[in-house]
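This report goes through strand pairing, helix packing and a surface patch in one protein model. The sequence and coordinates come next.

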Amino acid sequence: METPYSGRAIITDNFDKVEVVIPSKRNYFVMLFFCAWMVGWFFGETNALTMFGHDGAIDLFMIAWLTGWTLGGIFVVSTILFMLLGKEIIEAGQGTISIRNRALFFLSPKVYDLNEVKHVRALEEFSIYNGFQFGRREQKGFLSNYNSGTVKFDYGLKTIKFGNDLDEAEARYIIERLKGTKILTDKNF
């Protein structure tokens, strides 16, 4: 018999706020693939660096190639670190809700006024990009369109998402806990 899934989120109910910590989802196939890729990347980078400036001339193509190659390596390392150590931390209370990511260090939280939070819902969306986001939540830059947060709310004319890759049932549970502690009220729905 299958045992019920207890979820990933860790919910701490303090007196004046609720903290929800959601560890990043680990995709072991992607982590293994990226680790193997990094071995090849390392040899390619070191080989290119030994050839760089070998004849005394500045090779603009080699500079561009090394820049792209290095940025690719930084992306892969940061993805592996986020899968291993990353967390989404949501704090709600005292009229605000804040959302932040943490891997090796804290990024500054995005803080929202609960009076302006409308239409809180749990909704999984199918996206062709879900397989390519590697456990990352909304970020600035080119990955911002690939966020698949399951908990959503409207904030003005923008939809805010968090709870990346949560099952819809777990997302509804988080919303009900926030509603049960009176942090979210009927005006938020």
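Two strands count as paired if DSSP finds at least two bridges between them. Helices (H or I, at least four residues) and strands (E, at least two) are DSSP runs, numbered from the N terminus. The model is predicted: local features need pLDDT of at least 70, side-chain atom pairs count only at pLDDT 80 or more, and totals for chains, interfaces and linings use all residues. Residues are numbered from 1 along each chain as its sequence is written, and side-chain values use heavy atoms, with hydrogens and water left out.

**Sheet S6-S7-S8**

Three strands form an open sheet in the order S6-S7-S8, with antiparallel pairing. Its edge strands, S6 (117-122) and S8 (158-164), each pair on one side only. From one strand to the next the twist averages 20°; axes here are lines fitted to C-alpha atoms, for helices over the stretch in contact, and angles run from 0 to 180 degrees between N-to-C directions. Between S6 and S7 (residues 149-155) there are four bridges. Helix H3 (residues 168-180) packs on this sheet and touches S6 and S7, where contact means heavy atoms within 4.5 Å. The direction of H3 makes about 140° with that of S6.

**Strands S1, S2 and S3**

S1 (residues 10-13) and S2 (residues 17-23) pair in the antiparallel sense over four bridges. These two strands form a hairpin, with three residues between them. S2 also pairs with S3 (residues 87-93), again in the antiparallel sense, over seven bridges. Bridge partners from both regions are listed below.

| Residue | Bridge partner | Strand of the partner |
|---|---|---|
| Ile10 | Val21 | S2 |
| Thr12 | Glu19 | S2 |
| Ile22 | Glu88 | S3 |
| Val117 | Tyr155 | S7 |

**Surface patch**

Phe29, Phe33 and Trp37 form a nonpolar patch on the surface, and together they have about 350 Å² of accessible area. Patches are made of residues with over 30% relative accessible area and no salt bridge; like charges are joined within 9 Å, nonpolar side chains (Val, Leu, Ile, Met, Phe, Trp, Tyr) within 5 Å. A salt bridge is a side-chain nitrogen of Lys or Arg within 4 Å of a carboxyl oxygen of Asp or Glu. Accessible areas come from the Shrake-Rupley method with a 1.4 Å probe, and for residues only the protein chains shown count as cover.

Phe33 lies in helix H1 (residues 28-51). With a relative accessible area of 46%, Phe33 is partly exposed, the class between buried (under 20%) and exposed (over 50%).

Technical notes:
Buried means under 20% relative accessible area, exposed over 50%, partly exposed in between (1.4 Å probe, protein chains only).
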